[in-house]
Amino acid sequence: MRLLIADDEVNLALALKSILEDAGYVCDVCNDGNSVLKKIYEDVYDGLILDIMMPQKNGYEVLHEIRQQKMDIPILVLSALSEVDDKVTGFDLGANDYMAKPFSTKELLARVRVMLKQNTVDDSYLQF
């Protein structure tokens with residue numbers, strides 16, 4: 001599974017990449033909103049981990065544009081903005097999940113697994 005990590009905190013983005021790659025994912029990293037959109041349009045990703053407070057275009061703007069383009073990539077928002085209104089805004093814009101920083105690595109990995117599982121179709125029950 002291929003993931004795009006979008007966070008302007010370079011050290012955190014690299015730590016997330018390491019954590020996710022240790023769990024078996026292939027990851028790319030972007031540090032600003034414009035780069036995220038460029039990568040999303042150029043490459044195929046199974047999921048996006050998206051920070052809100054990024055330069056150029058913030059995560060809400062990126063999320064809005066992705067959903068306006070009818071792209072169905074699963075998106076987990078990972079942000080220091082943790083008030084209920086922040087989360088509601090993320091969900092209203094089309095996020096599949098929202099997690100506040102600081103976060104538990106175990107919980108992040110579990111949420112990524114669930115997010116990716118929800119985006120795949122299990123048709124094994126169709127076998128005759």
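Student: What should I know about the model before we start?

Tutor: Residues are numbered from 1 along each chain as its sequence is written, and side-chain values use heavy atoms, without hydrogens and water. The model is predicted, so local features need pLDDT of at least 70 and side-chain atom pairs pLDDT 80 or more, while totals for chains, interfaces and linings use all residues.

Student: Why is the pair of F91 and Y98 called tilted?

Tutor: A search of the whole structure finds one aromatic pair. The ring centres of F91 and Y98 are 6.4 Å apart, and the planes stand at 50°. Rings of Phe, Tyr and Trp (its six-membered ring) pair if their centres lie within 6.5 Å; planes under 30 degrees apart are stacked, over 60 edge-to-face, and the rest tilted. So F91 and Y98 make a tilted pair.

Student: What makes the unit of β4, α4 and β5 right-handed?

Tutor: Point the strands away from you. A crossover is right-handed if the path from the first strand over the helix to the second runs clockwise. β4, helix α4 (residues 84-92) and β5 make such a right-handed β-α-β unit.

Student: Why is Q56 called exposed?

Tutor: Its relative accessible area is 56%, which is over 50%, so Q56 is exposed. Q56 lies in the loop between β3 (47-50) and α3 (59-68). Q56 also has a positive phi of about 70°, although it is not a glycine.

Student: How do you know that the structure holds zero disulfides?

Tutor: A disulfide is a pair of cysteine sulfur atoms within 2.5 Å. The structure holds zero. For C27, the nearest cysteine sulfur is that of C30, 12 Å away. C27 is buried, at 3% relative accessibility. C30 is buried too, with 4%.

Student: What makes D28 and K39 a salt bridge?

Tutor: The rule asks for a side-chain nitrogen of Lys or Arg within 4 Å of a carboxyl oxygen of Asp or Glu. In D28 and K39 the closest N and O atoms are 3.9 Å apart, so the pair qualifies. This pair links distant parts of the chain: D28 is in β2 (residues 26-30) and K39 in α2 (residues 33-42), 11 residues apart. D28 is buried, at 19%. K39 is partly exposed, at 24%. R2, D28, K39 and D43 are linked in a network of salt bridges.

Student: How many salt bridges does the rule give?

Tutor: The count comes to 12. Among them is R111 with E107, whose closest N and O atoms are 2.8 Å apart. R111 and E107 both lie in α5, four residues apart, about one turn of the helix.

How values were computed:
Helices (H or I, at least four residues) and strands (E, at least two) are DSSP runs, numbered from the N terminus. Buried means under 20% relative accessible area, exposed over 50%, partly exposed in between (1.4 Å probe, protein chains only).
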